[in-house]
Amino acid sequence: MNCSEYENIKHFTYGEYCDYLQKKHGIGKYDYMTKSWNKNAKCTRTKEGLIAHHKYENCAIMLSKKEIAMLNPFEWQLAKNIVYCDYLEHLLLHVLICEYPSEEKNDFEAVGIGGVKLIVPELNDFYSGWVANEEWRRNCHDLIKGDKDAYLTIIKRFKSSCKNNLFFSEDCLYKSFNEQYGLWTSKQNKSIYNDIKSL
């Protein structure tokens, strides 16, 4: 997603944006999980740079994890309820969940914000020059490599619209995904951290 596209969709609700992305990237042909609650390898589209997102993540967290998925309706794993997206679209989906959590969401689950906290550190590293070892991840990064401005625009929105979220902490925006593995450091992200602080 680039800034021009963002401007066209920025007023969408979470549901509207899911519908938009399913029209843009198509609906998957395969369910995310098999009947035995194992991930179905056929649903992966990372060769195209796309990630699978569960539409019902506005109701429950971590639906890609077997032990958590099993606590929720299997229908949520069906192909029709999977949204394919690039990394920036995925980030925006989670920001929108923070803004529009379902009234039917599971009790005591902070939907949306965990996804933001997971995606942002990786994109901080990527937009600071880190190159992934895994081919699938490089495919996904290649799809958004020229869209740092769109990334910062989404971060600015998150800082503004979600600041009153009980689980919001601006600290989560100044993290490195790879530092824990000794592959990168937060010092290498200094420039993007400064960009985020200035938003």
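**Figure 1. Packing of α7 against α8.** The axes of α7 and α8 lie 10 Å apart, and the two helices pack at an angle of about 50°. With this angle, α7 is oblique to α8. The structure shown here and in the following views is a predicted model. The crossing of α7 and α8 is right-handed. On the α7 side, the contact is made by Lys148, Tyr151, Leu152, Ile155 and Lys159, and on the α8 side by Ile192, Asp195, Ile196 and Lys197. Sorted by class, this contact of α7 with α8 has five nonpolar and four charged residues, and no polar residues.

**Figure 2. Packing of α4 against α7.** Helices α4 and α7 pack at an angle of about 10°, and their axes are 10 Å apart. Angles under 35 degrees count as roughly parallel, and α4 and α7 are therefore roughly parallel to each other. From α4, the residues that make the contact are Leu88, Leu91, Leu92, Val95, Leu96, Cys98 and Glu99; from α7, they are Ala150, Tyr151, Ile154, Ile155, Arg157, Phe158 and Ser161. By class, the contact of α4 with α7 has eleven nonpolar residues, one polar residue and two charged residues.

**Figure 3. Packing of α4 against α5.** The axes of α4 and α5 come within 8 Å and cross at roughly 150°. Since angles over 145 degrees count as roughly antiparallel, α4 and α5 are described as roughly antiparallel to each other. Their crossing is left-handed. Helix α4 contributes Tyr87, Leu88, His90, Leu91, His94, Val95 and Cys98 to the contact, whereas α5 contributes Ile113, Gly115, Val116, Ile119, Val120, Glu122 and Leu123. The classes in the contact of α4 with α5 are ten nonpolar, three polar and one charged.

**Figure 4. Surroundings of tyrosine 151.** Not counting residues up to four places away in sequence, tyrosine 151 touches Leu88, Leu91, Val120, Leu123, Asn124, Tyr127 and Ile192. Tyr151 also takes part in the contact of α7 with α8 and in the contact of α4 with α7.

**Figure 5. Leucine 143 between α6 and α7.** Leucine 143 lies in the loop between α6 (135-142) and α7. With a relative accessibility of 39%, leucine 143 counts as partly exposed. Apart from residues up to four places away in sequence, leucine 143 touches Glu48, Gly49, Leu50 and Asp86.

Figure 6. The loop between α3 (66-69) and β2 holds asparagine 81. Asparagine 81 has 5% relative accessibility and so counts as buried. When residues up to four places away in sequence are not counted, asparagine 81 touches His53, His54, Lys55, Tyr56, Glu75 and Trp76.

**Figure 7. Two loop residues with positive phi.** Tryptophan 37 is not a glycine, yet has a positive phi of about 65°. This residue is placed in the loop between α2 and β1 (51-54). Its relative accessibility is 15%, so tryptophan 37 counts as buried. Phenylalanine 108, likewise not a glycine, has a positive phi of about 65°. Phenylalanine 108 is found in the loop between α4 and α5. At 85% relative accessibility, phenylalanine 108 counts as exposed.

Conventions. Residues are numbered from 1 along each chain as its sequence is written. This is a predicted model: local features need pLDDT of at least 70, side-chain atom pairs count only at pLDDT 80 or more; totals for chains, interfaces and linings use all residues. Side-chain values use heavy atoms; hydrogens and water are left out. Contact means heavy atoms within 4.5 Å. Helices (H or I, at least four residues) and strands (E, at least two) are DSSP runs, numbered from the N terminus. Buried means under 20% relative accessible area, exposed over 50%, partly exposed in between (1.4 Å probe, protein chains only). Axes are lines fitted to C-alpha atoms, for helices over the stretch in contact, and angles run from 0 to 180 degrees between N-to-C directions. Angles under 35 degrees count as roughly parallel, over 145 as roughly antiparallel, 65 to 115 as roughly perpendicular and the rest as oblique. A crossing is left-handed if the near helix is turned anticlockwise from the far one by less than a right angle, and right-handed if clockwise. Ala, Val, Leu, Ile, Met, Phe, Trp, Tyr, Cys and Pro count as nonpolar, Asp, Glu, Lys and Arg as charged, and the others, Gly among them, as polar.
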